[in-house]
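I opened the coordinates and went through them topic by topic. These are my notes, in the order in which I looked things up.

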Amino acid sequence: MEQINLDGSELSASRIVLGCMRINQMDDRSLSEHLRTALDLGINNFDHADIYGKGECETKFGKILKEELQREDIILQSKCGIRYGHTAGEDIEYYDLSREHIIDSVDGILQRLGTDYLDLLMLHRPDTLMEPEEIAEAFGRLEQSGKVRHFGLSNFNAPQFDYVQKYTDQKLITNQMQFGPAEPKIISSGLQANTPFAGAADRDGGLLDYVRLNDVTLQAWSPFHYGYFDGIFPEDPKYKVLNEKLETIGEAHGISKSAAAVAWILRHPAGMQTIIGTTNTERLTEIAKADDVNLSKEEWYSIYKAAGHVIP
Ligand SMILES: NC(=O)c1ccc[n+]([C@@H]2O[C@H](COP(=O)([O-])OP(=O)(O)OC[C@H]3O[C@@H](n4cnc5c(N)ncnc54)[C@H](OP(=O)(O)O)[C@@H]3O)[C@@H](O)[C@H]2O)c1
């Protein structure tokens, strides 16, 4: 699989990343086979967050890492900043990017993964109460102690990204955003610029242009979802036209419709990575073929249109 250099770092990562958000649903044997298959396919980048499976995903991964994998063969990334609490009589999910919480979270992540360093730490979502000086201090300490080698953000819009970068000494190398044929918001705002169409709405402060201007690698999460985890388009009759188009184009290139959807993301010259979350090893093998396919512009736009988006 083609590797890309994560902007501003020495990390050479696969264009397809294996997301580990659902691996707590797998038994140890299937997970071991899944991870070995990923590595055989050339996927060397694994995405975690401290909240996935309430820590269970990192723990399960850590067990296999210790017993079967070589730490230096993989790029391990995780995220922190989302917390669960109970206050005033109700459970609440909230965000905490304070110095203490970032530092403590990394200790928990390293312990669960059974490693002494992360290649990449990302802050999971913007915390409107964040104080960038605290983030900068946390990053400085984590870098100095060798616990984290590189830093990035996740779900931050362009001005928020700039704001945090202004305070941190380390170059922030990645940002994660939801992106796929059914949810192409990050490209639609530019593609439909200066039109009255709904897709022209700017929801991220021009993030796509920002990351290209500032050499930040975008990682596309939940490529098969529509809405905010409302469902998956490959199984949804609402997306019949899109599914048929992906099937036809996929067939022409000898790949499945799911692989065609990933090829669509990889075709964008912004050089994004795609984080896929399948727990099915056969599906993983089939989707990885996307890496070998370079869609034409005509094919790319016809998939965008088939998903119901406007080409003005
Ligand atoms: N930064 C963030 O805020 C954020 C948010 C969400 C996710 N993420 C990251 O992104 C990763 C991927 O997210 P995701 O799991 O929601 O992404 P996804 O790859 O869009 O969805 C995977 C899910 O779709 C199912 N699926 C059913 N039919 C499918 C088909 N034909 N093709 C592909 N998948 C099909 C899979 O089932 P099977 O397992 O049975 O294949 C799996 O449950 C996560 O693991 C996580 O690392 C980050």
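I call a residue buried when its relative accessible area is under 20%, and exposed when it is over 50%. The model is predicted, and I kept that in mind throughout.

**Entry 1: aromatic pairs**

I began with Phe224, which is buried at a relative accessible area of 12%. I then looked up Phe233, which is buried as well, at 1%. Counting ring pairs over the structure gave 14 aromatic pairs. One of them is Phe139 with Phe151, a stacked pair with 4.2 Å from centre to centre and 25° between the planes. This pair links distant parts of the chain, since Phe139 belongs to helix 4 (residues 132-144) and Phe151 to strand 9 (residues 148-154), twelve residues apart. Both Phe139 and Phe151 are buried. The rings of Phe224 and Phe233 stand with their planes at 45° and their centres 6.0 Å apart, so I noted that pair as tilted. I also found one aromatic cluster made of Phe179, Trp264, Trp300, Tyr301 and Tyr304.

**Entry 2: charges over a ring**

Which arginines lie over the face of Tyr117? I found Arg71 at 3.8 Å from the ring centre, and Arg149 at 3.7 Å from the ring centre.

**Entry 3: cysteines**

I searched for disulfides and got a count of zero. Cys20 is buried at 0% relative accessibility, and Cys57 is buried with a relative accessible area of 0%.

**Entry 4: helix 10**

I asked which residues of helix 10 (residues 281-288) are buried, and got Thr281, Leu284, Ile287 and Ala288. They lie on the same side of helix 10, because they cover an arc of only 125° around the axis. As background, an α-helix has 3.6 residues a turn, so residues three or four places apart point the same way. What do the buried residues of helix 10 pack against? I listed strand 3 (16-19), helix 1 (28-40), helix 9 (257-266) and strand 14 (273-276). At the start of helix 10, I noted that a side-chain oxygen of Asn280 comes within 3.0 Å of the backbone nitrogen of Glu282.

**Entry 5: buried loop residues**

I looked at Asp291 next, in the loop between helix 10 and helix 11 (297-306). Asp291 is buried, with a relative accessible area of 9%. Its side chain makes a polar contact with the side chain of Arg15 at 2.9 Å. Leaving aside neighbours within four places in sequence, I found Asp291 in contact with Met1, Glu2, Arg15 and Leu266.

Ala182 is in the loop between strand 10 (172-178) and helix 6 (185-191). I recorded Ala182 as buried, at a relative accessible area of 5%. Beyond neighbours within four places in sequence, the contacts of Ala182 include Phe233, His225, Tyr226 and His309.

Asn155 sits in the loop between strand 9 and helix 5 (158-167). Is Asn155 buried or exposed? It is buried, with a relative accessible area of 14%. The side chain of Asn155 reaches the backbone oxygen of His124 at 3.0 Å. Setting aside neighbours within four places in sequence, I found Asn155 in contact with residues including His124, Arg125, Pro126 and Trp221.

**Entry 6: positive phi**

Most residues other than glycine have a negative phi, and I looked for departures from this. Lys54 has a positive phi of about 50° and is not a glycine. Lys54 lies in the loop between strand 4 (45-47) and helix 2 (56-68), and is exposed at a relative accessible area of 77%. Ser222, also not a glycine, has a positive phi near 45°. I placed Ser222 in the loop between strand 11 (217-221) and strand 12 (225-226). Ser222 is buried, at 11% relative accessibility.

Methods
Residues numbered from 1 in each chain as written. Predicted model: local features only at pLDDT ≥ 70, side-chain atom pairs only at ≥ 80, totals over all residues. Heavy atoms only, no water. Buried < 20%, exposed > 50% of the residue type's maximum accessible area, 1.4 Å probe, protein only. Helix = DSSP H or I, 4+ residues; strand = E, 2+ residues; numbered from the N terminus. Arc of directions from axis to C-beta. Contact = heavy atoms within 4.5 Å. Polar contact = N/O pair within 3.5 Å; in protein donor to acceptor, adjacent residues only side chain to side chain. Disulfide = S-S within 2.5 Å. Phe/Tyr/Trp six-rings, centres within 6.5 Å; stacked < 30°, edge-to-face > 60°. Lys NZ or Arg CZ within 6 Å of the ring centre and 35° of its normal.
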